[in-house]
Amino acid sequence: MKHAINRQCQPCTACCDGWVQMNIKGADVYPGCPCPHSTGKGCNDYANRPIDPCDNFNCGWIIPNSPLPDWMKPNEAKVMVLFNKFQWRGVPVDVAIPVGKRIPPRALNWLKQFAEQHGRPLVYLEQEILDGKFQKDQQAVAYGPPDFQREVMTQIAQGKRLWI
């Protein structure tokens, strides 16, 4: 089911709140370290936001014709989905990033079913917490064919981050 209605970000600011690692005008943004311009309800410098990564960020919930159901808005479902983040053997790979420590079971089950039904491998992340603080590093899980899982885990073990 595709959603043709123009969805609005606000009040969701999951992409700005550090769940996606990025750099905004020299400020590192990562779990536990939100963008300095995020108010928790929007951006206090929206008119001057950088093209990359802000304008170029493609949240899977808000893209045109998103297959994600309404209940999967990131601030509600606690997951951000980035469709076609990279390719594996010519097949698009989707990436799911938790808004919090891990993706809740309902959302993760939906994503796994979508991956299976559409033949799209999935990489999903879990946040690392040490001494009660989110860490910059994240654990990745590859979901899909065994060859995909092996290849992704090998690349991650070599220090490559395919989803950035």
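Start by selecting helix H3, residues 105-118: at 1.5 Å a residue its 14 residues should span 20 Å, and the end C-alpha atoms are 20 Å apart, which agrees. The expected span is 1.5 Å times one less than the number of residues. Helices (H or I, at least four residues) and strands (E, at least two) are DSSP runs, numbered from the N terminus.

This is a predicted model, in which local features need pLDDT of at least 70 and side-chain atom pairs count only at pLDDT 80 or more, while totals for chains, interfaces and linings use all residues. Residues are numbered from 1 along each chain as its sequence is written, and side-chain values use heavy atoms, with hydrogens and water left out.

Within H3, colour Ala 107, Leu 108, Trp 110, Leu 111, Phe 114 and Ala 115, which are buried. They cover an arc of only 160 degrees around the axis, so they sit on the same side of H3; the arc is that of the directions from the helix axis to the C-beta atoms. Buried means under 20% relative accessible area, exposed over 50%, and partly exposed in between (1.4 Å probe, protein chains only). An α-helix has 3.6 residues a turn, so residues three or four places apart point the same way.

Turn to the other side of H3 and pick out Pro 105, Arg 106, Glu 116 and Gln 117, which are exposed. Next, show what covers the buried residues of H3: this includes helix H2 (74-77) and strands S3 (79-88), S4 (91-98), S5 (122-130) and S6 (133-143). Just past the end of H3, Gly 119 has a positive phi of about 60 degrees.

Select Val 81, Phe 83, Asp 94, Leu 111, Phe 114, Ala 115, Arg 120 and Leu 122, the lining of the largest cavity. On a 1 Å grid over the protein atoms alone, a cavity is a set of points where a 1.4 Å probe fits but cannot get out; a pocket is an open set with protein on both sides within 12 Å along at least five of seven lines, and lining residues have an atom within 4 Å of a point. The cavity holds about 40 Å³ of space. H3 gives the largest share of its lining, three residues. The lining divides into six nonpolar, no polar and two charged residues.

**The largest pocket**

Now move to Cys 9, Cys 15, Cys 16, Tyr 46 and Cys 54, which lie nearest the centre of the largest pocket, among its 29 lining residues. Strand S1 (22-24) and helix H1 (51-55) are the elements that give two or more residues to this lining. The pocket holds about 630 Å³ of space.

**Backbone stops**

Select Gln 10 and Pro 11: the peptide bond between them is cis, with omega near 10 degrees. Pro 11 is in the segment before S1. Thr 13 is in the segment before S1 as well, and is buried at a relative accessible area of 4%. Beyond its neighbours within four places in sequence, Thr 13 is in contact (heavy atoms within 4.5 Å) with Ser 38, Gly 40, Lys 41 and Gly 42.

Go on to Asp 52 and Pro 53, joined by a cis peptide bond with omega near 15 degrees; Pro 53 is in helix H1.

Lys 25, in the loop between S1 and strand S2 (27-29), has a positive phi of about 50 degrees and is partly exposed at 49% relative accessible area. Arg 89, in the loop between S3 and S4, has a positive phi near 50 degrees and is exposed at 55%.

Conventions:
Grid points are joined across faces, edges and corners, and a volume is the space filled by probe spheres set on the points. Ala, Val, Leu, Ile, Met, Phe, Trp, Tyr, Cys and Pro count as nonpolar, Asp, Glu, Lys and Arg as charged, and the others, Gly among them, as polar.
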